[in-house]
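The following exercises concern one structure, to be examined alongside its sequence. Each task is followed by a worked solution.

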Amino acid sequence: MRVKKKAVWFLTLLSLAAVISVYYLSNPVTPFNGLAIFSDNALKDTKISDIASKTGKTTPVTTESHLFEEMRMELQNQRSQLKDTLTKKIASSQYTAEEKNEAFNQIDAITKNESNEAMLEMLIKTLGYPDAFVKAENDRIRVTVQANELSKAKANEIIYMVKKELDNSGQIVVDFQSETIN
């Protein structure tokens with residue numbers, strides 16, 4: 001009886017391996033090419049605005065200030081360099097498993113911070129601000145919004161939103177940057 005169980009398990013695993021092999025041979029995996037989205041053919045086939053063509057009105061998308069983009073790029077460059085360093089640390093044989101695990105956890109924390117910041121920026125823009133920049137590091141979150149002025153009530157609204165979205169938000173600082181800067 002014990003030999004039968006082993007034989008059944010062996011045949012089951014063998015047939016599963018055969019099915020998986022046939023599947024991958026008949027459907028080869030193609031790597032995702034994100035740049036193909038921006039190819040000339042893809043852009044020609046994309047309709048930018050069906051609403052604008054129906055109404056005859058177009059709304060230009062402009063940025064009042066490049067300051068926010070510069071801040072995002074600077075932060076992204078810093079984090080990218082840190083991620084590269086940590087990735088090299090993980091791939092190196094000089095470090096212990098604990099050190100490599102810590103480096104992996106740091107990369108994971110950076111990635112989570114980036115996604116939380118992007119989500120908060122989008123939510124803050126839904127409050128009616130032209131642009132927002134969120135920088136979350138350690139226990140401190142700095143929010144900079146593009147506005148002519150920022151009342152205490154509006155700042156409290158932003159702080160409430162951040163605390164609602166991020167449970168362990170720590171200290172939150174809200175600044176505003178004038179819309180008239182070019």
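**Exercise 1.** Where does Pro130 lie?

*Solution.* Pro130 is found in the loop between α5 and β1. Helices (H or I, at least four residues) and strands (E, at least two) are DSSP runs, numbered from the N terminus. The model is predicted: local features need pLDDT of at least 70, side-chain atom pairs count only at pLDDT 80 or more, and totals for chains, interfaces and linings use all residues. Residues are numbered from 1 along each chain as its sequence is written, and side-chain values use heavy atoms, with hydrogens and water left out. Pro130 has a relative accessible area of 43% and is therefore partly exposed; buried means under 20%, exposed over 50%, and partly exposed in between (1.4 Å probe, protein chains only). In space, Pro130 and Ala147 are 7.5 Å apart, C-alpha to C-alpha, although 17 residues apart in sequence.

**Exercise 2.** Describe the sheet and the helices that pack on it.

*Solution.* Begin with the strand order. The sheet is open and has three strands in the order β1-β2-β3, with mixed pairing; two strands pair if DSSP finds at least two bridges between them. At its edges are β1 (132–137) and β3 (171–177), each pairing on one side only. On average, neighbouring strands are turned by 15 degrees against each other, direction ignored. Axes are lines fitted to C-alpha atoms, for helices over the stretch in contact, and angles run from 0 to 180 degrees between N-to-C directions.

Next, consider the parallel pair. Strand β2 (residues 140–146) is joined to β3 by seven bridges, and Thr144 stands opposite Asp175 in β3.

**Exercise 3.** Which residues touch the most other members of the largest nonpolar core?

*Solution.* Define the set first: a nonpolar core consists of buried Ala, Val, Leu, Ile, Met, Phe, Trp, Tyr and Cys residues joined through side-chain atoms within 4.5 Å. The largest such core has 18 residues, and Ile124, Ile141, Val143, Val145 and Ile158 touch the most other members. Two or more residues come from each of α5, β1, β2, α6 (152–165) and β3, with α6 giving the largest share, four residues. Now examine one member. Not counting residues up to four places away in sequence, Ile158 touches Ile124, Leu127, Tyr129, Val143, Val145, Leu150 and Val174.

**Exercise 4.** Identify the salt bridges and their surroundings.

*Solution.* Apply the criterion of a side-chain nitrogen of Lys or Arg within 4 Å of a carboxyl oxygen of Asp or Glu. The count comes to nine salt bridges. One of them joins Glu121 and Arg72, with the closest N and O atoms 3.1 Å apart. This pair links distant parts of the chain, 49 residues apart: Glu121 in helix α5 and Arg72 in helix α4. Both Glu121 and Arg72 are buried.

A second example is Asp131 with Lys125 (3.5 Å, N to O). Asp131 counts as buried because its relative accessibility is 6%, whereas Lys125, at 36%, is partly exposed. A network of salt bridges links Glu69, Arg72, Glu121, Lys125 and Asp131.

A further example pairs Lys154 with Glu157 (3.9 Å, N to O). These residues are three apart in helix α6, so about one helical turn separates them.

How values were computed
Contact = heavy atoms within 4.5 Å.
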